[in-house]
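The following paragraphs lead through a structure, beginning with a single residue and widening to chains and their contact.

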Amino acid sequence: MIFRQLWYLVKAAGSNLWTFRGRNLVSVLIIGFSFLVIGIFLALSNNLTYLGQQLSNNLAISFFLDKNLKAPELEQIKSQILASELVDRVTFVSSEDALSRFRANFPELREILDNLKSNPFPPSYEVKLKDKILSLSAIVYFMEKIKGLKGVVDVQFNQDWVEKMDSLSRIVQAVGFFLGGILILASFFIISNVVRLNVFARKNEIEILRLVGATNTFIRIPFLLEGFVLGLLGSLVSLFILFILVKVFPIYIGSSLGAARELFTLRPLTTEQGLWLVAGGVVTGTLGSVTSVSRFLRI
Amino acid sequence: MIELFHVWKQYQKPHWALSDVSLEIRTGEFCFITGPSGSGKTTLLKIIFRELIPTEGQILVDGVNILKIPDHKIYRLRRTMGIVFQDFRLLFHQSVFHNVAVPLQVVGLSPKEIRRRVFNALRQVNLHHKMWDFPQRLSYGEQQRVAIARAIVNNPSILLADEPTGNLDPELAFEIMSIFKEINQQGATVIIGSHDRELIRHFGDKIFFLQKGKIIGKEEKQ
């Protein structure tokens with residue numbers, strides 16, 4: 001009997017979805033639009049994160065060394081550098097390498113070098129930091145530690161620039177959380193109101209069911225299923241439109257942004273983000289539906 | 001047995017829709033509640049199936065105080081009742097068949113049994129040939145008969161009807177009353193709110209006269 005009733009309820013939900021298809025289509029579009037806004041924000045945020053990673057990938061620190069260091073001392077400094085978790089790889093640049101690099105990069109200054117009797121460039125270790133590390137304090141601590149080693153004479157690192165990047169990243173994150181929070185809240189209210197209107201339009205039906213002896217669960221289940229389907233379809237619509245936007249945006253709008261193009265590029269959502277968006281749609285649709293029905297179950 | 005003890009109902013101060021109504025309807029009785037428009041017939045019926053809660057008073061149905069039944073268990077009471085609403089309360093996006101089948105679907109009967117009972121109920125009200133029509137395509141009187149078929153389809157032990165023949169021609173009204181009488185003879189208690197004197201005189205075993213929310217008289221056939 002329970003399976004029979006469940007089957008009846010599933011059929012009722014399907015029939016209601018089809019009977020009120022116009023109204024349901026509007027609900028799906030509104031849910032889709034709400035989640036599209038969140039999706040666009042996520043795509044922009046993904047891009048900023050990506051840019052941040054790209055920049056951090058290019059971060060390198062140069063430790064200039066005493067010219068008179070012997071191989072074992074150089075090895076010791078290298079092992080100290082490699083001991084840090086921040087370090088991805090270390091490259092030794094000898095005085096000769098540095099000189100030839102300078103000659104290649106600044107050919108117009110060749111004469112000055114020719115006038116010098118000795119090679120002015122000290123040997124150095126160029127340290128490439130690991131990806132996804134932007135904790136400035138950790139980098140500064142690491143630099144200070146290595147700089148204190150015997151044989152290390154100087155360090156070159158654009159701390160000011162990194163500090164700016166660091167604070168920009170924090171601002172982007174804070175704005176992201178703030179805007180994202182507002183958008184998610186707003187979407188939830190929009191969606192639950194859309195579903196509520198949907199339920200309100202069928203308040204007579206709920207009343208009739210109550211008066212002919214339907215249990216609250218019997219009345220709720222079709223609405224719950226309908227909310228689930230509307231939420232699912234809405235979030236899938238938003239993902240589909242977002243997919244098209246990601247493909248089309250660079251072609252039509254991207255070129256007009258000029259230098260800002262890099263910042264305003266939409267980067268596709270990860271599978272995890274996509275699944276969260278769908279889950280969000282399903283939960284919002286279902287919850288909105290169930291809470292809206294409850295107010296009519298007191299007859 | 002349905003018993004009302006000092007039932008008062010107020011929608012808006014200072015008017016009372018029902019004033020100190022006490023009555024007793026025994027199991028198997030065919031009973032009319034009559035009175036002019038606005039006398040409280042509909043309110044009284046709604047209180048019996050607990051669509052409305054009285055402002056004061058108690059109601060017992062088969063010994064159970066229905067005002068003490070929690071909201072989520074009220075379906076048990078309603079499954080024992082068949083109700084014909086004054087405004088029919090039909091699902092206009094569903095066929096006649098589905099409208100009549102609703103009380104059976106909520107109790108989980110098999111599709112075969114539902115088809116059999118719905119067909120029988122519709123045949124009783126002479127509407128079986130319009131089983132797959134939608135209510136908006138039916139006349140007012142036909143819609144009323146769909147509402148009646150829905151009320152009798154689950155063989156209720158109590159049948160409540162609010163002006164069930166209000167829009168029917170006298171011939172059909174008599175037919176419908178005969179159906180109610182038949183259900184009554186099978187053991188169901190029937191309570192009808194009506195001001196059709198002809199029908200009341202012909203069918204009523206027990207009649208309560210309401211005026212301005214008060215019971216001003218009672219007649220019982222011996």
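Leaving aside its neighbours within four places in sequence, with which residues is V293(A) in contact? The model is a predicted one, and in it V293(A) is in contact with V199(A), I206(A), I219(A), R220(A) and F223(A), once neighbours up to four places away are set aside. V293(A) itself belongs to helix α10 of chain A, which spans residues 271-294. The pair V293(A) and F223(A) shows how the chain returns upon itself: 70 residues separate the two in sequence, whereas their C-alpha atoms are 7.5 Å apart in space. V293(A) counts as buried because it has 23 C-beta neighbours inside 10 Å, where 20 or more are required.

The setting of this residue is chain A as a whole. Its secondary structure comprises 10 helices and four strands. Read from the N terminus, the elements follow the order α-α-β-α-β-α-α-β-α-β-α-α-α-α. Chain A has 299 residues, of which 25% count as buried. Among contacts in chain A with a separation of 6 or more, 89% are between residues 24 or more positions apart.

The mean pLDDT of the chain is 80, and 83% of its residues reach 70 or more. Confidence is lowest in helix α7 (residues 159-200) of chain A, with a mean of 70, and highest in helix α3 (residues 71-82) of chain A, at 88.

Within chain B, residues 24 or more positions apart supply 67% of the contacts with a separation of 6 or more.

One part of chain B is an open sheet of four strands, ordered β2-β1-β4-β5 and paired in the antiparallel sense. Its edge strands are β2 and β5 (64-65) of chain B, each of which pairs on one side only. Helix α1 of chain B, residues 41-48, lies across β1, β2 and β4 (56-61) of chain B and runs at about 125° to β1(B).

The loop between β1 (2-9) and β2 (18-25) of chain B holds P14(B). The peptide bond that joins K13(B) and P14(B) is cis, with omega of about 5°.

Two further loops of chain B contain residues with a positive phi. R89(B), which is not a glycine, has phi near 50°; its place is in the loop between β6 (81-84) and α3 (96-105) of chain B. N155(B), likewise not a glycine, has a positive phi of about 45° and is found in the loop between α5 (140-152) and β7 (158-162) of chain B. Are these residues buried, exposed or partly exposed? R89(B) counts as partly exposed because 17 C-beta neighbours lie inside 10 Å. N155(B) is also partly exposed, with 14 other C-beta atoms within 10 Å.

Attention now turns to the interior. In soluble globular proteins, nonpolar side chains tend to be buried together. The largest nonpolar core of this model has 81 residues, and those that touch the most other members are I48(B), V100(B), A149(B), L159(B), L160(B), V190(B) and I191(B). Helix α5(B) gives the largest share of this core, six residues. A149(B) illustrates the packing: apart from residues up to four places away in sequence, it touches V100(B), A121(B), L122(B), Q124(B), V125(B) and L127(B).

There remains the contact between the two chains, to which chain A gives 19 residues and chain B gives 16 residues. On the side of chain A that touches chain B, α1 (2-19), α8 (203-211) and α9 (216-252) of chain A each supply at least two residues. The largest share of that side, six residues, comes from α8(A). By residue type, the side of chain A that touches chain B divides into nine nonpolar, six polar and four charged residues.

Key
Residues are numbered from 1 along each chain as its sequence is written. Chains are lettered from A and ligands numbered from 1 in the order in which they are written. A residue is buried if 20 or more other C-beta atoms lie within 10 Å of its own, exposed if 12 or fewer, and partly exposed in between; C-beta atoms are placed from the backbone. Two residues are in contact if their C-beta atoms, placed from the backbone, lie within 7 Å. Ala, Val, Leu, Ile, Met, Phe, Trp, Tyr, Cys and Pro count as nonpolar, Asp, Glu, Lys and Arg as charged, and the others, Gly among them, as polar. Two strands pair if DSSP finds at least two bridges between them. Axes are lines fitted to C-alpha atoms, for helices over the stretch in contact, and angles run from 0 to 180 degrees between N-to-C directions. pLDDT is the predictor's confidence in each residue, from 0 to 100. A nonpolar core is a set of buried Ala, Val, Leu, Ile, Met, Phe, Trp, Tyr and Cys residues joined through C-beta atoms within 7 Å.
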